[in-house]
Amino acid sequence: MALVSVPSLMQDLTAGQDQVNIEGETIREIILNFDKVFPGVKDRLCDGDRIKPFIAVYIGSELSQAGMRELVSPDSEIHFVPAISGG
Amino acid sequence: MPEDKEFKVIGTRPIRHDGIDKVTGRAAYGADIHFPDMLHGKVLRSPYAHARIKSIDISKASSHPAVKCIITSDDLPLVEDTITELGETVINLKYLSDNILASDKALYKGHPVAAVAATDPYAAEEAINMIEVDYEILEPVLDVRQAMEPDAPVLHESLKTESMGKGEDQSQNVASHSQRKHGDLEAGFAAADIIVERDFSTATIHQGYIETHNATAQYNEDGELTVWCSTQGAFGVRDQLSKILKMPVSKIKVVPMEIGGGFGGKVQVYIKPIAALLAMKTRKPVKMTMTRTEVFEGTGPAPGSYIRVKLGADKTGKITAAEAHLIFEAGAYPGSAVGAGSLCIFAPYKIDNLQIDGYDVVLNKPKSSAYRAPGAPNACFASECVIDEICQKLDMDPIKFRLINGAKEGDRRCDGPIYPKIGYLETVEAAQQHGHYAESIDKTPNGKLRGRGVASGFWMNGGGRSSVTINVNADGRINLIEGSTDIGGTRASIAMQAAEVLGLSSEDIMPAVVDTDSVGYTGVTGGSRTTFATGIAAINAAENIRAQMIGVVANHWELKPSDVKFKDGTFLAQKNGEELQMTFKEVAAVAGGPLVGSVTASPGGAGNGFATHIVDLEVDSETGKVDILRYTAIQDVGRAIHPSYAEGQVEGGVAQGVGWALSEGYLYNDEGHMTNASFLDYRMPTSYDLPSIETVLVEVPNPGHPYGVRGAGEVPLVPPLAAIANAVSRAIGVRMTELPMSPDRVLEAMGSI
Amino acid sequence: MSKKTHVQTEINGEGIEFLCEPRQSLLEVLRDELHLTGAKEGCNNGNCGACTVLMGDRIVNSCIVLGVEAEGEKIETIEGIATSEGLHPIQQKFLEHAALQCGICTPGFIVSSKALLEQNPTPSEEDVRFWLAGNLCRCTGYHKIVEAVMDAAKALNTEVADNA
Ligand code: FES
Ligand code: FES
């Protein structure tokens, strides 16, 4: 199971839990399964079937570029963080 | 620095390919474009910082004999009030469009309201003054903390605070609230032996590129739009024009001219859509250039900010907890660099318990835009000053403090992800060993006060998409076609990477930056991504060429490609006990047809950048003026491809930092009018304000790049504000918390006025 | 439309005549009428030096000189600094020292530096920094520009010594 760290502003949905183990082979599956355990999560992370534009996904130390299709392995650590851009 | 033996081209200092054109005045910049039949465009800008536009009467102006066309926001296609992805960023289309020409409200002094095309620039100027606009003047809000008050004037009725989907009860001017948090803050502060908490503020400042914005547009009868302009990213301009004008991207060609500086400020479009619209309506080429005052009043400054930092450490100097609140000026529309500031604020350190809250707040100033490591200089100014104060209170050497707390590979970043290979501690160690740090300073020579400051900084650096095409000529020299605008020598740094792969010299490569019809999609020259990402595209294209040439050689020698080796620019093989060899140039001649390699790359693994700076300075206790005496900037660049241009990035960043720290800042009156919108009154450092700057390039290769490159362009602007503030504070014995540290502020801090 | 004035002048060694409006600056005339776009506009009010040209033996910001003032003058612009022999040593040193990044300020710096070295062939670093304070560069932090000018002074002095 991948380890998802819950953004602090979403911990209202997880009763304060800051990390959860979620089953899934892609980010899409992770989010859908995450939403099953804590309903409302998907709405906060996605617009329809896309990650919201303000959110970036990290797998370990790598910024994911594949959005919902990104592959996840069982020992992955997943972070949803506010997206930023450079100058 | 010793030249690296491993490489033939990388690490050397060849003359840049575009150099001769630039020292002889031949290089063509955007404003140098001229068409015999062109019209000149000019923008009418709001004289008020906050006003409702009740009506616009263009009848008088239209009767001016030289006027060919007048446009207002009514001439822009209606776009939805929704957020969409735009190339590499995300943007609310209505905000984007309204910033080009205000529709219902003018939100800052200088906000475009209408535009004119006329046969000469003087007539265009006369005509805009004949346009009559009826404004209902509204109360402006010019301070972020004020804008957050519940009864503050509201800029956007429909704005809702974005906070990871969580409804928040904030003032309507708060565009977003982000949070990064881990560990147990309370326990962390409880474990501290010393806690320092302070408020900091930084002024609104400008990127200050010397070339003002420009655009020349032409619209053909077949519906093809061409725009020649100064931009950090031609494809980004194309994307924005396509959304604002509701045109397909393939109908738009953007030609990037040479660019006179950008620093993040030439990503966003301003007059380009206006020139395009005027050209579409008149079917004539329309040229527009901004004045310096228009640049100050109407283009993205870097956000002013208020930041509160609380930091706890134990007696040994170990940080136990850190907390920060960052409030950034978004300007008239959402989207300041507060996110990046929040990410960078404690990034150089391993901190187990922390919380960082960032607020993006709209107010009646021009929409802020990126400026070199956007948000990070503001943020690190606050955190690095608090660290310095903790060091003073613990009586601990600031370098030692950083060695104790510095982050390294495997440590957790403040927002969760783990650091890959980084070179922060290496910059601190290099600072400790540097002669500058070893030499002590005389604290009070002849009545002046001297101080030394140290600070560190972080920038994440970017990757993203870049395309390169390589054509091999029959004489063995190659054309390298790229889409990355060259602002500071990237033609050279990219060409050198291709040269290294092919065993050629830098001079054998002829790089060309071309328009959006002539190369694949390439992201902006920004985010410290170009030498890294376009470099990787060039390496891949060169490898592709090398493979093709091996095929040509194998064919020529009647061998299998796997029998052919390539070493130091020579193709080698053995056949029937005989040693065969051919040079690159010989193969190019034999190939008998063009060899072309085209590649688009989108590399991750940009590799973070860290820097540590040391500054000595002197404060005149009578005038409050600060003179920089000595400056040493140490930075991990991963691998310097062309060390002179890597150093140049550092030196330029430091100079901008000195300006930000000591003399630059927008001054506003109560009505929200900028009162220093010229280079005379907005004081950027001159050669006489600066000492020579010593740069030390540390090379901790980035595993994400074949040669180890890390972006180098942005992080040098991160440490200077704090380094200088720490030095001034130590010199005068009072903590400085507001930028710029102008003479009057210094005297005030010293209690002299 | 205002009446145009006839101006006779010399630019980069060539006799030139042009018509200009009295309100047009020398910079506008150079760039827009004569298409000598090497001099750049950074501020149009005398504060950045991007438009620097030589008028007689004075360095001027051409944005705050009127075109009509060029009457009877000898003007030298960046376009006139390299000769058929090749680059001027200052230009060569700017390249060798990587003293330019975006290059928009470069024409102004080269023209100013040439005037400096003509008046003072052996300037100290302080002299160079003081002299060039009228030219803004936002990219380089001036470090490599100052190095290039000092090195150009050396090269010019060796040239003079060699010719002696
Ligand atoms: S354009 Fe003439 S001094 Fe700036
Ligand atoms: S090189 Fe860009 S302003 Fe000087």
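This is a predicted model: local features need pLDDT of at least 70, side-chain atom pairs count only at pLDDT 80 or more; totals for chains, interfaces and linings use all residues.
The contact between chain B and chain A takes 40 residues from chain B and 25 residues from chain A.

## Chain B against chain A

Chain B and chain A bury about 2500 Å² between them, and 62% of this area lies on carbon and sulfur atoms. The rule finds 1 salt bridge across this interface. Glu77(A) forms a salt bridge with Arg412(B), and the closest N and O atoms of the two residues are 2.8 Å apart.

On the side of chain B that touches chain A, the elements giving two or more residues are strand 4 (83-86), strand 5 (89-92), strand 9 (174-182) and helix 10 (338-344) of chain B. Strand 9 of chain B gives the most to this side, with 5 residues. Sorted by class, the side of chain B that touches chain A has 15 nonpolar, 15 polar and 10 charged residues.

## Chain B against chain C

There are 2 pairs of chains in contact, and of these chains B and C share the most contacts. No contact joins chain A and chain C, and their closest C-alpha atoms lie 15 Å apart.

The contact of chain B with chain C takes 53 residues from chain B and 50 residues from chain C. The area buried between these chains is about 4200 Å², and carbon and sulfur atoms give 58% of it. Within chain B, the residues that lose the most area to chain C are Val23(B), Tyr122(B) and Ile210(B); together they account for 18% of what that side buries.

Between chain B and chain C the count is 6 salt bridges. A salt bridge is formed by Lys144(C) with Glu651(B), whose closest N and O atoms are 3.2 Å apart. The rule also finds 25 residue pairs in polar contact across the interface of chain B and chain C, with both residues at pLDDT 80 or more.

Helix 1 (19-24), helix 4 (121-128) and helix 18 (643-662) of chain B are the elements that give two or more residues to the side of chain B that touches chain C. Helix 18 of chain B supplies the largest share of this side, 9 residues. The residues of the side of chain B that touches chain C divide into 23 nonpolar, 20 polar and 10 charged.

In chain B, 4 strands form an open sheet in the order 21-20-19-25, with mixed pairing. Strand 21 (509-513) and strand 25 (595-601) of chain B are the edge strands, each pairing on one side only. On average, neighbouring strands of this sheet are turned by 15° against each other, direction ignored. Helix 16 (residues 530-557) of chain B packs on the sheet and touches strand 19, strand 20 and strand 25 of chain B; the direction of the helix makes about 145° with that of strand 25 of chain B. Inside the sheet, Thr469(B) has Ile481(B) as its bridge partner in strand 20 of chain B.

The peptide bond from Leu739(B) to Pro740(B) is cis, with omega near 0°. Pro740(B) lies in the loop between helix 19 (720-732) and helix 20 (743-749) of chain B. Asp395(B) has a positive phi of about 55°, although it is not a glycine. The loop that holds Asp395(B) lies between helix 11 (376-394) and helix 12 (398-405) of chain B.

## Strand pairs in chains B and C

| Strand pair | Sense | Bridges |
|---|---|---|
| Strand 19 (residues 466-472) and strand 20 (residues 478-482) of chain B | antiparallel | 5 bridges |
| Strand 1 (residues 5-11) and strand 2 (residues 14-20) of chain C | antiparallel | 7 bridges |
| Strand 1 and strand 5 (residues 74-76) of chain C | parallel | 2 bridges |

In chain C, the bridge partner of Thr5(C) in strand 2 is Cys20(C). The hairpin of strand 1 and strand 2 of chain C has 2 residues between the strands, and in this hairpin Asn12(C) takes a positive phi near 50°. Ile11(C) stands opposite Ile75(C) in strand 5 of chain C.

Notes: Residues are numbered from 1 along each chain as its sequence is written. Chains are lettered from A and ligands numbered from 1 in the order in which they are written. Side-chain values use heavy atoms; hydrogens and water are left out. Two strands pair if DSSP finds at least two bridges between them. Axes are lines fitted to C-alpha atoms, for helices over the stretch in contact, and angles run from 0 to 180 degrees between N-to-C directions. Contact means heavy atoms within 4.5 Å. Buried area is the accessible area (1.4 Å probe) that two parts lose on being put together, summed over both. A salt bridge is a side-chain nitrogen of Lys or Arg within 4 Å of a carboxyl oxygen of Asp or Glu. Ala, Val, Leu, Ile, Met, Phe, Trp, Tyr, Cys and Pro count as nonpolar, Asp, Glu, Lys and Arg as charged, and the others, Gly among them, as polar. A polar contact is a pair of N or O atoms within 3.5 Å; within protein, one must be able to donate a hydrogen and the other to accept it, and residues adjacent in sequence count only if both atoms are side-chain atoms.
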